[in-house]
Amino acid sequence: MSLIRVYVIAAVAFGLDRLSKLWIVHWLDLINIRVIEVYPPYLTFVMGWNTGVNFGLFKDGGETMRWVLIAITLIVCAGLTWWARGKSSLPLQLGIGMIIGGALGNGWDRLTYGAVADYLNMSCCGLRNPYTFNVADIFIFAGAALIIVVGDRTHTKTT
């Protein structure tokens, strides 16, 4: 039952990421418009293509790096799936599923576009954020934070 719950959560995260990208990047035509001010400066859609990882790291790796990152995505998802076996904690399953769904969403982008479609830009308080991100990134970050906060409470301490 635990893996089914993780898979459902991953599917929801993946689906929400795909829907957001279809809506914002394609239907609103951000891919051509490049910038849509939604609620400036707090929320602006800015089209960005990330060929690397967070903050553009490894962006100059070309086609080889694209396939390396796709492989890493699949390995991480397989590892998280293996780790999730037998985990009964709902917050832990939620975190794992969110990371898997977000990672697969960004992996799908790499496979189909050759880069991850980023479009969310949030700035505040006179500080301009130069980076963009997407819904998959939110799921990955929130899932990792949830796992860190909740932890794997199935292991007992030995003294």
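Mentor: Contact means heavy atoms within 4.5 Å. Skip residues up to four places away in sequence, and Asp-152 touches Trp-83, Lys-87 and Leu-92. This is a predicted model: local features need pLDDT of at least 70, side-chain atom pairs count only at pLDDT 80 or more, and totals for chains, interfaces and linings use all residues. Residues are numbered from 1 along each chain as its sequence is written, and side-chain values use heavy atoms, without hydrogens or water.

Trainee: Where does Asp-152 sit? Is Asp-152 buried, partly exposed or exposed?

Mentor: Asp-152 is in the segment after α5. Asp-152 has 21%, so the residue counts as partly exposed. Between Asp-152 and Pro-91 there are 61 residues in sequence and 9.7 Å in space, C-alpha to C-alpha.

Trainee: What is the mean pLDDT of the chain?

Mentor: pLDDT is the predictor's confidence in each residue, from 0 to 100. The chain has a mean of 92, and 90% of its residues reach 70 or more. Confidence is lowest in helix α3 (residues 62-84), with a mean of 95, and highest in helix α2 (residues 30-33), at 98.

Trainee: How many helices and strands does the chain have?

Mentor: Helices (H or I, at least four residues) and strands (E, at least two) are DSSP runs, numbered from the N terminus. The chain has five helices and three strands. Their order along the sequence is α-α-β-β-α-α-β-α. The chain has 159 residues, and 38% of them count as buried. Among contacts with a separation of 6 or more, 67% come from residues 24 or more positions apart.

Trainee: How far does α1 reach from its first C-alpha to its last?

Mentor: Compare the span with the expected one, which is 1.5 Å times one less than the number of residues. α1 has 26 residues and reaches 36 Å, close to the 38 Å expected. Asp-29 follows α1, with a positive phi near 60°.

Trainee: What covers the buried residues of α1?

Mentor: The buried residues of α1 include Val-6, Ile-9, Ala-13, Ser-20 and Ile-24. Their cover includes α2, β2, α3, α4, β3 and α5 (135-150).

Trainee: Which residues does Ser-20 contact, leaving aside neighbours within four places in sequence?

Mentor: Ser-20 contacts Val-25, Tyr-119 and Val-135. Its relative accessibility is 11%, so Ser-20 counts as buried. For polar contacts, look for N or O atoms within 3.5 Å; within protein, one must be able to donate a hydrogen and the other to accept it, and residues adjacent in sequence count only if both atoms are side-chain atoms. A polar side-chain atom of Ser-20 is 2.8 Å from the backbone oxygen of Asp-17.

Trainee: Where is Arg-85 found?

Mentor: Arg-85 is in the loop between α3 and α4. A polar atom of its side chain is 2.9 Å from the backbone oxygen of Trp-82. Beyond four places in sequence, Arg-85 contacts Ser-2 and Leu-3. Relative accessibility is 45%, so Arg-85 is partly exposed.

Trainee: How many aromatic pairs does a search of the whole structure find?

Mentor: Two values describe such a pair: the distance of the ring centres and the angle of the planes. Rings of Phe, Tyr and Trp (its six-membered ring) pair if their centres lie within 6.5 Å; planes under 30 degrees apart are stacked, over 60 edge-to-face, and the rest tilted. The search finds four pairs. In one of them, Phe-14 and Trp-108 are edge-to-face, with 6.1 Å between centres and 80° between planes. Phe-14 is in helix α1 (residues 2-27) and Trp-108 in helix α4 (residues 90-113), so the pair ties together parts 94 residues apart in sequence. Phe-14 is partly exposed at 24%, and Trp-108 is partly exposed at 39%.

Trainee: Which ring does Phe-45 pair with?

Mentor: Phe-45 pairs edge-to-face with Tyr-119, at 6.4 Å centre to centre and 80° between the planes. Phe-45 lies in strand β2 (residues 43-50) and Tyr-119 in strand β3 (residues 116-121), so this pair ties together parts 74 residues apart. Both Phe-45 and Tyr-119 are buried.

Trainee: Which cysteines form a disulfide?

Mentor: A disulfide is a covalent bond between two cysteine sulfur atoms. The cut-off is sulfur atoms within 2.5 Å. A search of the whole structure finds one. Cys-124 and Cys-125 form it, with sulfur atoms 2.4 Å apart. Cys-124 is partly exposed at 34%, whereas Cys-125 is exposed at 67%.

Terms used: Buried < 20%, exposed > 50% of the residue type's maximum accessible area, 1.4 Å probe, protein only.
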